[in-house]
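Please examine the model shown here. The report below is intended to be read alongside it.

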Amino acid sequence: MAGLAGLVGLVGLVLVGPALAPNDPSEIRFSQRLIEPGAVFPLGTDHLGRCVLSRLLHGLQVTPVAAVTVVALSAGIGSAIGLAAGYTGGWLDRLAMRITDGILIFPAVAMAMVVASLIGIGLTGTIVSLAVVHWAEYARLVRTMILAERAKPYELAARALGAGPIRILVIHLLPNILSAVVVLATVSLAWAILSFSGLSFLGLGAEPGAAEWGRMIADGRTHMRTHPHLVIVPGLAIALFVLAVNLLGDVSASRQGYASPRAKRPPSRKSRKKE
Amino acid sequence: MVIALSRRLLHAALLLLALSVFSFSLLHLLPGDFAELLLIEQMDGDLPDQATLDRFKATHGFDQPLWQQYSIWLERALLGNLGLSFRTEDPVAEELTLRLAATAQLAAAGLAIGVLLGAGLGVAAAVRPGSLVDHAAMGLAVVGMALPNFWVGLLAILFFSVTLGWLPVAGYGHLANLVLPAVVIGTSLAGVIARLVRACLLEEFGADYVRTANAKGASRSRVIWRHAVPNALVPMVALIGLQVCKLFDGVVVVETVFAWPGIGRLLVESVLGRDFPVIQGCVLLIGGISVLTALVADCLVMAIDPRIRGAV
Amino acid sequence: MGRLGSVFLVCLALVGPVGPARATDADTLTVATMWEALPLSMTARRSRFFNESEILDTLVKLDFEMNLIPGLATKWEQTGPTDWVFSLREGVRFHDGSRLDAQAVKASFERLLALLPFAPAQLDIAGIDVLAPLSVRIRTNEPFAGLPNQLTDAFTGVYGQASFDATGAFVQPVGTGPYRFVSYDKQDRTVVERFDGYWGPPPTIRRVVFRSIPDHNTRTLALEAGEVDMAVNILPSDAVRLTSVPGIEVHRQPTAGLYYAVFNTRDDSPLGDVRVRRALNVIIDRADLVQYGLDGVGLPAWQFFSPVFDWVPETLPRYAVDLTEAARLLTDAGYTRSSSNWTKDGQPLTLRLLSYASRTEMQPITEAVSAMLRAAGIQVDIDLHTWGGMLTRVKQGDFDAYVVFWTPEMTGHPDLHLTPHFHSAQNLLYNGYVNGMLDDLLVKGRGLPLGTERQETYRRALTLIHEDAPIAPLVHKVAVSASSDRVEGYRIHPSGFFYNFKEVRLAAVPAD
């Protein structure tokens with residue numbers, strides 16, 4: 001329940017956030033540049049006189065949305081490949097798994113940078129690049145799940161009853177796999193937000209002028225010595241958002257019984273008393 | 001054992017081959033006439049005429065068939081000749097070697113801090129699960145994982161270098177320069193490692209032999225350090241081995257923030273400056289190191305735990 | 001957290017003994033540069049370092065008012081439409097002790113024409129003849145009045161024979177300048193030392209260390225921490241801040257560089273209409289651009305040429321902010337202002353504006369320009385790339401306007417700026433701009449000696465450019481360096497590529 005509430009809260013924040021902005025996020029006010037936080041501009045203005053708070057709130061629909069796109073692309077492509085590989089087996093499976101193993105070895109963000117240098121630096125290029133290096137995680141997960149599920153008796157029963165492969169896949173296997181994919185998705189959403197804002201910080205992600213958090217930090221650097229809040233505030237936004245996503249991920253993972261070490265027992269209570 | 005090892009080696013070799021093809025094709029996947037683009041870069045914005053362009057293509061062998069270009073390129077690469085940087089005209093191999101030392105320093109220091117800090121937090125948390133220490137350690141880990149490392153780096157510069165004046169802002173060459181970037185990388189790793197260590201340890205605590213040891217009346221610290229930790233080492237080494245490859249992602253950003261002259265910054269500079277021979281070199285180097293690290297981690301796991309020798 | 005604390009303590013304990021050295025050597029000047037010196041390559045940055053550091057001398061030089069002055073050539077004269085004779089300075093020696101003579105100059109030029117891909121097109125040299133031991137004749141392919149000016153460009157520095165190996169490949173710079181090349185540590189520093197056989201007055205500083213610190217913040221902080229004596233290419237925001245830092249002196253100097261927007265004059269762009277181009281030129285407030293985009297560091301550019309060129313006629317037309325005029329021009333061009341936007345056939349007037357991010361100033365300038373256009377009812381889509389990425393799109397004609405920077409090197413002749421930009425055959429700008437009358441004027445001016453006819457030719461050419469508005473000049477660059485106050489006698493050269501350290505002194509270091 002807490003997970004659902006959290007999810008609704010986050011999505012709500014992303015949807016409503018920009019509407020709460022007190023000012024136009026991209027309006028340049030030369031006469032009011034670099035002013036300290038106050039009534040009109042609650043978090044002050046940046047080097048071009050743009051309202052920092054408004055940019056932060058509008059940024060809710062840049063970085064997180066880009067990250068969700070990355071995750072959706074990776075999950076879609078990766079799951080499809082994992083499904084195909086796991087279900088058909090044979091040489092296709094081996095080939096697909098060699099490729100995913102290969103991709104998973106490499107540092108993803110560095111490789112995404114290389115891909116971005118080819119397909120073009122910018123919002124779309126960076127999103128696609130991150131997906132290109134990230135789908136393998138999903139392919140491997142889904143393939144492993146499929147193999148595990150196929151070994152279970154109900155699949156055999158369904159097959160014996162004459163259900164076609166598509167039917168088995170859709171009705172029997174997918175629901176089980178889906179929940180695992182959702183857990184991985186929250187983990188990779190946090191990763192995608194950090195990676196995307198990092199790449200934007202390096203000048204590869206969002207377009208200049210975009211109210212993107214990583215980009216705001218990069219822009220704030222030139223006036224960091226005199227106006228440190230231009231760097232501090234957007235970073236805080238990234239950190240809080242990722243934190244929220246991570247906590248959400250922990251909640252959903254433990255609800256579904258994945259990776260929940262809390263349930264395990266420590267060395268016996270008795271021995272603790274001894275000390 | 002031998003079969004498993006040779007299969008691993010074969011996979012690694014295939015991966016390296018695929019890596020070389022990818023790295024080579026980087027130039028040729030560019031839209032448009034890449035030779036012309038590269039020449040424009042080199043001429044600092046002036047536009048070359050056709051004769052200059054033809055001469056450039058001929059000297060760099062860009063007028064030959066693709067497979068031939070690949071075989072020449074690969075042969076040279078294997079001999080350590082990765083061509084010349086388009087920006088500095090220095091041999092790419094030389095550039096990479098120079099930068100590799102800096103990155104190795106930073107990565108090693110960062111990893112050491114990360115492992116020490118992460119293992120410390122992880123063990124502390126696992127020993128008393130559900131306790132205040134556990135909650136605090138895991139809370140710290142979750143927060144640590146959520147912080148963008150480039151931002152932490154900038155804040156560290158603002159606080160420790162500008163405000164307090166304790167450490168140099170950025171740069172390379174002195175031990176003092178290493179402190180901030182290594183701590184930033186270390187703390188960003190520590191969160192993940194702490195969670196891994198805790199999970200692995202708790203897994204072991206649930207195992208039969210721990211209960212047996214407890215039942216036999218072994219002291220708690222003996223149970224933890226003599227039984228649980230060594231057994232948890234296998235998954236920890238495997239998982240931390242994976243982190244070593246991913247470590248480079250953090251290095252890229254941190255090197256840029258701290259003006260650290262390593263491979264990561266070189267990659268950023270060459271991507272932004274479209275210096276493709278250097279990008280090729282970086283891909284080969286980073287990829288090669290990743291493949292080898294994964295191989296070593298696998299071998300380590302095999303060596304530590306004979307049970308899974310056949311299974312890996 | 002105990003471990004974290006101890007890690008910090010250990011780290012801090014290490015700081016004291018190994019902290020970076022301070023620059024206090026009375027004989028050594030340490031300079032932090034943005035671009036690495038790269039002394040072992042001729043092509044890197046068009047050999048600028050050899051000129052900046054004065055390892056090499058050029059035949060002709062520019063003084064601080066951008067006038068031509070003797071370098072290795074004491075005088076020069078045009079002896080025919082395409083012939084120039086240069087008399088060489090007597091008693092000049094290269095760093096290896098060999099003599100500078102006509103033969104050495106001829107050999108040097110032939111080497112650089114062979115080794116530098118861009119040199120043949122830039123110099124237009126047909127041949128070089130040795131007339132006497134200290135006299136060379138340079139023949140050009142076409143009449144080229146700007147040749148002496150072109151010979152101030154860094155890449156034309158005279159190389160001693162010892163600069164090349166037996167196969168003719170470049171090894172290291174051996175020149176005639178006041179400083180000789182000593183050592184190079186890749187990605188760290190390049191060291192030059194005083195050359196005692198220098199032909200001019202000997203420099204005071206014995207040794208100059210050029211440290212490569214590409215990151216802006218780091219470079220500035222290295223100066224503030226006393227690790228270097230001087231830092232060049234200071235960010236505008238730091239230029240303002242450093243002014244109030246005690247012990248630091250900020251040097252500013254208008255240079256020949258220009259930030260400008262190039263308009264796509266082809267018919268498929270809204271800017272194919274000259275009235276729209278003119279309208280843009282009177283909408284953009286250059287004074288505000290400098291003030292707010294560049295923290296006041298720069299000079300508003302109302303015309304193409306920087307005021308550092310004193311041969312630009314006073315009577316030239318200049319743009320000025322005039323929103324009424326802009327509205328009139330846009331209305332004439334068939335646009336109507338509905339609500340806040342200018343529209344034509346129901347379509348809002350929208351411009352695709354490109355620029356590149358590797359030059360730090362580009363982004364604020366581009367953003368500020370687009371803000372001004374938006375405020376005037378013109379929609380702008382900004383697209384920032386790397387230099388190469390932007391150029392690819394520009395060459396495909398995929399733009400309405402793009403913002404770039406022009407570095408005119410050492411040259412002080414109008415032709416060397418105007419022909420590459422505006423002559424339709426060169427079309428460096430890829431903006432489809434063609435004006436036959438302007439082409440003729442530029443060809444004519446290229447062959448004319450200094451005088452009223454040349455003045456008039458260029459006045460007419462510049463007036464045509466003003467009227468056709470193929471570009472919007474935006475900001476004349478003001479170069480900023482900062483030094484510790486022990487550096488005396490330093491002045492930024494307006495060409496932007498020359499330090500003149502031979503006239504700089506270092507005050508004694510106070511014992512503290």
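## Basis and conventions

This is a predicted model, in which local features need pLDDT of at least 70 and side-chain atom pairs count only at pLDDT 80 or more, whereas totals for chains, interfaces and linings use all residues. Residues are numbered from 1 along each chain as its sequence is written, chains are lettered from A and ligands numbered from 1 in the order in which they are written, and side-chain values use heavy atoms, with hydrogens and water left out.

## Confidence

The model has an ipTM of 0.83 and a pTM of 0.81. The per-residue score, pLDDT, is the predictor's confidence in each residue on a scale from 0 to 100. Its average is 81 in chain B, where 91% of the residues score at least 70. For chain C the average is 88, and 93% of the residues score at least 70.

Within chain B, helix α2 (residues 34-42) has the lowest confidence, with a mean of 67, while helix α5 (residues 92-127) has the highest, at 89.

## Architecture of chain B

Chain B contains 12 helices and zero strands. Helices (H or I, at least four residues) and strands (E, at least two) are DSSP runs numbered from the N terminus. The C-alpha trace of chain B spans about 85 × 60 × 30 Å along its principal axes.

## A sheet in chain C

Three strands of chain C make up an open, antiparallel sheet in the order β14-β15-β16. Its edge strands are β14 (336-338) and β16 (347-348) of chain C, each of which pairs on one side only. Two strands are taken to pair if DSSP finds at least two bridges between them. Strand β15 (residues 341-344) of chain C pairs with β16(C) over two bridges in the antiparallel sense, and T343(C) has P348(C) in β16(C) as its bridge partner.

## Interface of chains A and B

Here 50 residues of chain A are in contact with 58 residues of chain B. The two chains bury about 4,800 Å² between them, with carbon and sulfur atoms giving 72%; buried area is the accessible area (1.4 Å probe) that two parts lose on being put together, summed over both. Helices α4 (90-105), α5 (108-119), α8 (165-201), α9 (213-220), α10 (229-255) and α11 (269-274) of chain A each supply at least two residues of the side that touches chain B. Of these, α10(A) gives the most, with 11 residues. That side of chain A divides into 30 nonpolar, 10 polar and 10 charged residues.

## Interface of chains A and C

Contacts join 16 residues of chain A to 20 residues of chain C. The area buried between chain A and chain C is about 1,700 Å², 55% of it on carbon and sulfur atoms. F30(A), P208(A) and R225(A) supply 36% of the area that chain A buries against chain C, more than any other three residues.

Four salt bridges are found across the interface of chain A and chain C. E367(C) and R50(A) meet through their side chains in a salt bridge, at 3.7 Å from N to O. The side of chain A that touches chain C divides into five nonpolar, five polar and six charged residues. In this classification Ala, Val, Leu, Ile, Met, Phe, Trp, Tyr, Cys and Pro count as nonpolar, Asp, Glu, Lys and Arg as charged, and the others, Gly among them, as polar.

Technical notes:
Contact means heavy atoms within 4.5 Å.
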